[in-house]
Amino acid sequence: MSHEHGPGCNHGHENEGGATTIHVNDANKAPTVYKNIASYLKDEKKSGLKPRQGVLNGKRFDYFKDQVPQTREDAHKVFNELGRLGFILRVDRGESISGKGSPRLLQVNPVQQAQEDGYYLWIWEGSQAKQYMGAVLLVMIVFAAVLFPLWPSFMHTGVWYLSVGVLCLIGAFFGIALIRLVLYIITYPVLPRGFWLFPNLFADCGVVDSFIPLYGFDEPKQKKSKKSSNSNGSGSSKKTAVVSEKTD
C-alpha cells in the first residue's frame, strides 16, 4: 500500500545511506487542546504514565509506553495528532547503557503511527516559565549576595537576626528530638507501651500537624491471630465428627 507524504506528515523517510529522517513540527504552535492533553500526560500523578529515561543521539529524553485506553478509537486519533503536531515521537528501545536501571538506547521508529505496545519519546518539554523564573531568581540572589558589603547597616542587622533565628529553630528542633528519645527510653521499661512526645514530629505532614497531638504511645502489640485458634477448633470438631461416625 502506497502512502503519499503531505506537508503535515511526519512519517519516516529513508535516505540513501539507510538513515531515517523524521520531520518534527513545532509543538508550541499546536492548538491549546493538544497542549493541555500533553501536559496531562506528562504529569505522572494525573495520567499514571510512568516516565522512563532513554538516550537518543547522545541526549537524554523522557519516554513512555502507550496504555490501552477505554475509548480506543478517540485516543488513537489523539495520539496520532500528538505525534503529527510534534509533541511525541515513536521510538524503539534497545539495551541499557550501563546495566540494569540505567537509561536505554532509543532509536526512532520509521513508522510514526500510534500502537498500543509502542514507546513514545517526549519532544515537547512543556511550559518553561517556571524554569526561567527560577533561573532569574537564582541570579538575583547570587547578585545580591555578591553586593552584601554594599548593603546598608540595617540590612546587615536584619540578616544577622534572621540567621540567629534560623539557628535557634534548628537547635530547638534537635533539642525536642533528643528529649522525646530520652523520655521514650526511660518510659519504655516502665509503661506498657512506649511514650512519645510529639509522636508526629517526623511524620509526613505539615509543620503544625507535626506537633499535634502533644503526646502518644506505641501501637499495641497484636495478639495471636484468631485464625490459629479457629483452625485448632475446627480440627477438634473434625476429630469429634470422625469419632461420632465410628461409634455409629
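1. Asparagine 109 sits in the loop between strand 6 (104-108) and strand 7. The model is predicted. Is asparagine 109 buried or exposed? Its relative accessible area is 9%. Buried means under 20%, so asparagine 109 counts as buried.

2. What does the asparagine 109 side chain meet? It makes a polar contact with the side chain of aspartate 92, at 3.0 Å. Leaving aside residues up to four places away in sequence, asparagine 109 touches Ile22, Arg90, Val91 and Asp92.

3. Now helix 1. This helix covers residues 32-42, and its buried residues are Tyr34, Ala38 and Leu41. Seen down the helix axis, these buried residues fall within an arc of 60 degrees, so they line one face of helix 1.

4. Aromatic pairs come next. The count is twelve. One of them joins phenylalanine 79 and tyrosine 120, edge-to-face, at 5.5 Å centre to centre and 65 degrees between the planes. Phenylalanine 79 belongs to helix 3 and tyrosine 120 to strand 7, so the pair ties together parts 41 residues apart in sequence. Both residues are buried.

5. Tyrosine 215 and phenylalanine 217 form another edge-to-face pair, with 6.3 Å centre to centre and 85 degrees between the planes. Tyrosine 215 is partly exposed, at 47% relative accessibility. Phenylalanine 217 is partly exposed too, at 38%. A ring cluster is also present: ring pairs link Phe173, Phe174 and Phe202.

6. Check the annotation against the model. The unreviewed UniProt entry gives "transmembrane region" for residues 132-151, 158-183 and 195-217. How much helix does the span 158-183 hold? It is 100% helix and 0% strand, and its end C-alpha atoms lie 37 Å apart. The span 195-217 is 0% helix and 26% strand, with end C-alpha atoms 5 Å apart. The annotation may be inferred rather than shown by experiment.

Conventions:
Residues numbered from 1 in each chain as written. Predicted model: local features only at pLDDT ≥ 70, side-chain atom pairs only at ≥ 80, totals over all residues. Heavy atoms only, no water. Helix = DSSP H or I, 4+ residues; strand = E, 2+ residues; numbered from the N terminus. Buried < 20%, exposed > 50% of the residue type's maximum accessible area, 1.4 Å probe, protein only. Arc of directions from axis to C-beta. Phe/Tyr/Trp six-rings, centres within 6.5 Å; stacked < 30°, edge-to-face > 60°. Polar contact = N/O pair within 3.5 Å; in protein donor to acceptor, adjacent residues only side chain to side chain. Contact = heavy atoms within 4.5 Å.
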